[in-house]
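Reader: I've got a new model open and would like to talk through its salt bridges, its pocket and its surface. Shall we start with the salt bridges?

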Amino acid sequence: MAIEKYLYLDKFEYATTWINGGEIPPPSLASSYIDTQRSGTKTPDETHIILGDDPSVFKGMGISLNDRPLGSIIVSDCVVDDRPVNAHWWHRVEDAFILSFSNSFDLNIGTMLGKSVCIKILDMEKLKKHLDKQMNIQSTMRKCEYIQEHTRDHFTKNIADQWQDEYRILWNMFKIQKLQIPIGGKLKVATKPKPLLIPKGIAELVSTIPPLPRLALCPCSSGRRFKHCHGQK
């Protein structure tokens with residue numbers, strides 16, 4: 001059975017390209033979604049890869065991880081309260097190129113993303129295969145998980161972003177860098193992929209998304225007005 005997902009877009013003409021086939025912009029860098037505040041697609045969790053033990057494990061050792069330090073901490077056979085403790089912490093920043101979809105159709109999702117139209121992708125596996133060939137690299141494709149715990153990666157996000165119900169195609173940017181040596185001998189690193197071609201018939205129109213009045217309550221149930229929540233410019 002084909003995997004069907006949903007894509008929310010800014011303009012109706014973008015939907016036309018996906019439905020009839022044509023050229024779309026290259027996938028976005030995950031880092032383009034970073035912001036200290038959560039609004040729309042913006043989040044402080046993008047690009048962070050955090051693995052290992054909960055930071056509370058390190059409190060008894062005099063180590064504070066309140067600021068989520070970059071790097072790694074490995075503690076072996078440390079004695080805390082007369083007990084041996086082994087703890088690990090890994091945190092790095094890793095960018096990637098992504099295309100974001102949603103597992104479900106919900107007008108509230110489209111509204112909070114600030115989009116105007118929703119289409120359905122009829123076969124994600126077919127789309128992935130088509131795009132991988134153009135990117136010249138095998139992507140990773142799966143739904144995002146939303147957790148309260150500290151761990152993070154490109155598919156593990158904070159539960160505060162759960163409303164997005166996101167499904168991603170991800171290309172590791174480091175694997176698609178190509179070294180080009182032009183005439184003159186200067187080294188140039190090309191990291192940005194070219195626009196992608198979408199095959200005809202891969203998607204169909206689902207619905208337009210009516211704008212939400214900015215004084216209305218935000219659909220995320222925060223209790224705040226939309227203009228002060230996910231409707232922030």
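Reader: Which residue does the side chain of Glu46 meet in a salt bridge at 3.8 Å, N to O?

Author: Keep in mind that this is a predicted model. The pair links distant parts of the chain, 111 residues apart: Glu46 sits in the loop between β3 (28-29) and β4, and its partner is in strand β11 (residues 156-158). Both residues of the pair are buried. The partner at 3.8 Å is Lys157.

Reader: Glu46 and Arg168 also meet in a salt bridge. What is the N to O distance there?

Author: This pair again links distant parts of the chain, with Glu46 in the loop between β3 and β4 and Arg168 in strand β12, 122 residues apart. The N to O distance for Glu46 and Arg168 is 2.2 Å.

Reader: How many salt bridges turn up in the whole structure?

Author: Some of them share partners: Arg38, Asp45, Arg68, Arg152 and Asp161 are joined that way into one network. A search of the whole structure gives a total of 13.

Reader: Lys115 and Asp10 meet in a salt bridge too. How many residues apart in sequence are the parts that this pair ties together?

Author: The side chains come to 3.1 Å, N to O. Asp10 is partly exposed, at 37% relative accessible area. Lys115 lies in the loop between α2 and β8 (117-121) and Asp10 in the loop between β1 and α1, so the parts tied together are separated in sequence by 105 residues.

Reader: On to the largest pocket. Which element gives the most to its lining?

Author: The pocket has a volume of about 770 Å³ and is lined by 29 residues, with Leu7, Tyr8, Leu9, Tyr33 and Lys115 nearest its centre. Elements giving two or more residues to the lining include β1 (5-9), α1 (12-20) and β12 (166-172). The most, 5 residues, comes from β7.

Reader: And by class, how many of the lining residues are nonpolar?

Author: Let's take the other classes before that one. The lining has 6 polar and 7 charged residues. The nonpolar count is 16.

Reader: Last one, on the surface: how much accessible area do Leu51, Ile74 and Trp90 have together?

Author: Leu51 lies in strand β4 (residues 48-52). At 40% relative accessibility it counts as partly exposed, and a patch takes residues with over 30%. With Ile74 and Trp90, Leu51 forms a nonpolar patch on the surface, and together their accessible area is about 290 Å².

Note on methods:
Residues are numbered from 1 along each chain as its sequence is written. This is a predicted model: local features need pLDDT of at least 70, side-chain atom pairs count only at pLDDT 80 or more; totals for chains, interfaces and linings use all residues. Side-chain values use heavy atoms; hydrogens and water are left out. Patches are made of residues with over 30% relative accessible area and no salt bridge: like charges are joined within 9 Å, nonpolar side chains (Val, Leu, Ile, Met, Phe, Trp, Tyr) within 5 Å. Accessible areas come from the Shrake-Rupley method with a 1.4 Å probe; for residues, only the protein chains shown count as cover. A salt bridge is a side-chain nitrogen of Lys or Arg within 4 Å of a carboxyl oxygen of Asp or Glu. Helices (H or I, at least four residues) and strands (E, at least two) are DSSP runs, numbered from the N terminus. Buried means under 20% relative accessible area, exposed over 50%, partly exposed in between (1.4 Å probe, protein chains only). On a 1 Å grid over the protein atoms alone, a cavity is a set of points where a 1.4 Å probe fits but cannot get out, and a pocket is an open set with protein on both sides within 12 Å along at least five of seven lines; lining residues have an atom within 4 Å of a point. Grid points are joined across faces, edges and corners, and a volume is the space filled by probe spheres set on the points. Ala, Val, Leu, Ile, Met, Phe, Trp, Tyr, Cys and Pro count as nonpolar, Asp, Glu, Lys and Arg as charged, and the others, Gly among them, as polar.
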